[in-house]
Amino acid sequence: MKAFRSSILALVASGLLIAGGAQANSLLGSLSDAANQQLSGSGNSTPANGTSMSQLTSLLNGSGNNLTSKSSTNAAGILQYCVQNNVLSATNATSVKDKLMNKLGIENSTATQKVDYQDGLSGILHTGNGQNLDLNNLGGGGFTQLKEKVKTKACNVVLKQAKSFL
């Protein structure tokens, strides 16, 4: 009886090991497919989902020139966006933004309707190289830490740029 029970337990244990191995292979296959997709470039074209991982890495590791605003009006809007989204401290950025808006003459509600400023408020950075970078949509799926680092760098670059406009 003891031998029979040991045999049954051995069969159950081996069945569990086989099932676990199949699940591990399935998971490994999924991870492999995702990695291959990223490496082949098909995971890098993400126009509907924002910026790809390679583009995020390039923005993060770049000099910052690709994160400058093409206009002081857009920079003012971006600064307000960065403060509202807790990327920049209100203490540092608000005074710079207010001085810039005063210099531009856009402190009243009519002037704040400018497209560049409104886009900046929405998190759309019109870069100096003619591209638009949507800080709200820096890529679909994962890469959360990378996206946050790029957003922080963009806000800091625009803050520095805005100070130079004054």
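Modeller: Helices (H or I, at least four residues) and strands (E, at least two) are DSSP runs, numbered from the N terminus. H3 is followed by Asn86, whose phi is positive, near 55 degrees. Residues are numbered from 1 along each chain as its sequence is written. This is a predicted model, in which local features need pLDDT of at least 70 and side-chain atom pairs count only at pLDDT 80 or more, while totals for chains, interfaces and linings use all residues; side-chain values use heavy atoms, with hydrogens and water left out.

Biologist: What makes Ser69 count as buried?

Modeller: Buried means under 20% relative accessible area, exposed over 50%, and partly exposed in between (1.4 Å probe, protein chains only). Ser69 has a relative accessibility of 4%, and therefore counts as buried. Ser69 belongs to the loop between helix H2 (53–61) and H3.

Biologist: How do you know that H3 is largely enclosed by the rest of the structure?

Modeller: Of its 13 residues, 12 are buried, so H3 is largely enclosed. Among them are Ser72, Leu79 and Tyr81.

Biologist: Why is the pair Lys97 and Asp98 called a salt bridge?

Modeller: The term requires a side-chain nitrogen of Lys or Arg within 4 Å of a carboxyl oxygen of Asp or Glu. The closest N and O atoms of Lys97 and Asp98 are 2.9 Å apart, so the pair qualifies. Lys97, at 9% relative accessibility, is buried, whereas Asp98, at 39%, is partly exposed.
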